[in-house]
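Trainee: I am new to this structure and should like to learn how to read it. May we go through it feature by feature?

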Amino acid sequence: MPAPTAAVVFDDYNTSGVPSSGSKKVKKSEARSWGAWLESFISAVGANAGSIYATKAELDADLSKSANSMAWVMSDPVAANNGIYRKSGAAGTGSWSRIGDLPYSFITAIDIGAGTANAIQATSDIPVSESALVVVNVFEANTGSPVTIAFNGGSALTVKTNSGNDVVSGGLVAGMRLFGYVSGSTFQLISDQVSSSIVAAAEAAASDAEAAKDAAEAAAASVTLPSPVALNYLRMKADLSGYETRTPTQVRTDIGAAALGSVDRKVKAFGAVGDAVIIRAAVTITTGTAALTVTGANFQTTDVGKSIAVEGAGAGGATLYSTILSRTSTTQVTLANNAGTTVTATTKTVTYGTNDSAAFNAAIADIVRQGSSNDNAVFGGTVVVDAGSRYYLGTQIAINKHGVKIKSGGSHTDTCIIVAHEGYGFVFDNTDSGTALMRSNCVEGLRFLSTASTRAAGSGALSFNRALQFTVKDCWFAGRQFSAIHMQDCLDGIVQKNRVDGPVEASINGFTYGFWLDSAGVLSGPNQITIENNWIENCGTTGIRVTGGGAFSGNQVNIRENLIQGGSGNGIMYDKQNGLFVLRNWFEDNGRDGVSGRAAILDIGGSVSHLVVFKENVFGGNNNAHADFRQFNVQIVNGLKVLENFFTGGSHIRCTTSTAYKVYIADNWSSGTTPTVDAMTSDVVYARNTYGDTGTAWTTG
């Protein structure tokens, strides 16, 4: 039977709540039963129900409790130390671990004005935690935003509205009560700020916006702008009466640039994209139609409108140049032009991309322009071709300025110019005068690829006309065009450390001429040109051609330390030269098409050449099946020296006329079969020419 409660044992009346029943006397049996129950409860609580401590330090100092005993810390100055703890370890050992907040459903805090209107200081008898709702009064209205509140001297918490925003000015008024909870560094309200202040703030913001709109409209109405001009800038007039346009050159003058030629122009800053794609795959297109299929391609809808070149699909098997009109799939597009030749599942090269010609022209146009190109002042600047991209040039880029440098932002391995037409990529040509020179131009660090299917005259990567002190270096030329570099009537130029190769498909027949130096008879022909440290291979007619304009007009052309190999035709062709020096070159596997008249070095014979020197060259494997092949083919020369060269193979020097005189052939060595020197005039000297390990003298004709 359960023990009676205290209310029953100590009731005032015999029948509870009925005075007429008489006063109740305490029954000792009930008192003993209730007292025994109370004593057992107190014993249970005292044994393991827990203890209360003021601070955590007091708690940590008492390890007398048994394992799993509970204790409360109520008023530690550090709010985080207050809470419920559990004992670990036997009596006298172990430690206390915090396991939860004090079990208060809400905590009342008081703002007595110790802080400020916008930095509230509140206190509470019970430590504030994130698990309890906090009720706090507002002492005075806030006058700004945001508002902070700190409890019991703790860190300031930013007061946030129910929607998570800062309270507006006047959103808290004196006497109101806030309901909220601590969340990290904020005090998030469950109640909200005064709605009238929100409305007032919104109305004020709307009024400010309307005023700003009116002011902007009034200001715009008072401004008169000039007509827009592409690639120009706006500037306020000196009298503050309005605006005027300024060209890039004028802008640089306005800001006082110290050196007008010192500013690099990056082509991508002028709109170049550099997104060209080259595919070597099976191509199908039918003459008279525009549907193009390329196996393995990845055409996208963003490719519509881009320029495209399809090898072999133009008239007569030439390259078809067009734009992408629409996309059918990743492997099929429709072009703007019909094919002129049917191509059926045949491996061809397809190149497409954004035509960047306009961007290159804009960058070059931005370089300072002299009054005329026939003055002596050298201005100019550098056009930087941003690295890591392929640039599609659908038209020829003409340059008529001194000192223009076209330079890669990286190197020829990561910066590519695609010549996607039948002309030259860049043409340096003085159009101001028929005789004046272009000065101090340079091309450096670029890779040139050609999309041409034929070697049309006037096509290639670079053309210099009447250029003085020009440089081409560290470039790579690949394609099927007339010449990689054409130099006409040029002086004081250096072509060095370049590579000339065949087209994309690695055919042995690439450019007709690797480097072509000639004269139109306007000036005195190629003069003081140095071609050195280049690798030239796979040329159709010759690696290097040097030709004067009239009677011998070329002067001091130096061809030295180049590798010239793998051409179907000749290594070097020349005529009409006054001072041609061919020094320390390596000629390998030239003349391999078996055509009559080929030679590693060929005198064209159009007119006499004077003072021609071939010295310290290596001729290895230059031969073909035709019996008249020679390492040298000499025709018309006055003053020829062949000195200290190394030959492999058979016949070496051939003379087809009797007009070669003052010839000195000495100190050459050959391996293999007995070398042969064809008959020349009597005005020839042979000295110390040997072959084989025994040092046998050459046989002369």
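Mentor: Let us begin with one residue. Lys 56 is partly exposed, because its relative accessible area is 23%; buried means under 20%, exposed over 50%, and partly exposed in between (1.4 Å probe, protein chains only). Please keep in mind that this is a predicted model: local features need pLDDT of at least 70, side-chain atom pairs count only at pLDDT 80 or more, and totals for chains, interfaces and linings use all residues. Residues are numbered from 1 along each chain as its sequence is written, and side-chain values use heavy atoms, with hydrogens and water left out.

Trainee: With which residue does Lys 56 form a salt bridge?

Mentor: Side chains of opposite charge can pair when their charged atoms come close. The term salt bridge requires a side-chain nitrogen of Lys or Arg within 4 Å of a carboxyl oxygen of Asp or Glu. Here the partner of Lys 56 is Asp 60, with the closest N and O atoms 2.8 Å apart. Both residues belong to helix H3 (residues 56-61) and are 4 residues apart, about one turn of the helix. Asp 60 is also partly exposed, with a relative accessible area of 33%. Helices (H or I, at least four residues) and strands (E, at least two) are DSSP runs, numbered from the N terminus.

Trainee: How many salt bridges does a search of the whole structure find?

Mentor: The search finds 15. Among them is the pair Lys 160 and Asp 166, at 2.7 Å from N to O; Asp 166 is partly exposed, at 31% relative accessibility. Another joins Lys 405 and Glu 444, at 3.3 Å from N to O. Lys 405 lies in strand E26 and Glu 444 in strand E30 (residues 442-444), so this pair ties together parts that are 39 residues apart in sequence. Lys 405 is partly exposed at 24% relative accessibility, whereas Glu 444 is buried at 15%.

Trainee: Is Ser 408 buried or exposed?

Mentor: Ser 408 is buried, because its relative accessible area is 5%. This residue is found in strand E26 (residues 404-408). Contact means heavy atoms within 4.5 Å; leaving aside neighbours within four places in sequence, Ser 408 is in contact with Val 385, Asp 414, Thr 415, Glu 444, Gly 445 and Leu 446. A polar atom of the Ser 408 side chain lies 3.3 Å from the backbone oxygen of Gly 445.

Trainee: Where is Leu 225 placed?

Mentor: Leu 225 is in the loop between helix H4 (195-221) and strand E14 (233-236). Leu 225 counts as exposed because its relative accessibility is 54%.

Trainee: How should I read the confidence values?

Mentor: pLDDT is the predictor's confidence in each residue, from 0 to 100. The protein chain averages 82, and 83% of the residues score at least 70. Over residues 256-261, however, the pLDDT is below 50, and this stretch has 7 contacts in the model beyond near neighbours in sequence. Residues 370-378 also have a pLDDT below 50, with 25 such contacts. Where pLDDT is low, the predicted coordinates should not be read in detail.

Trainee: What does the protein chain contain overall?

Mentor: The protein chain has 6 helices and 61 strands. Buried residues make up 45% of its 701 residues. Among contacts between residues at least 6 apart in sequence, 65% join residues at least 24 apart.

Key: Polar contact = N/O pair within 3.5 Å; in protein donor to acceptor, adjacent residues only side chain to side chain.
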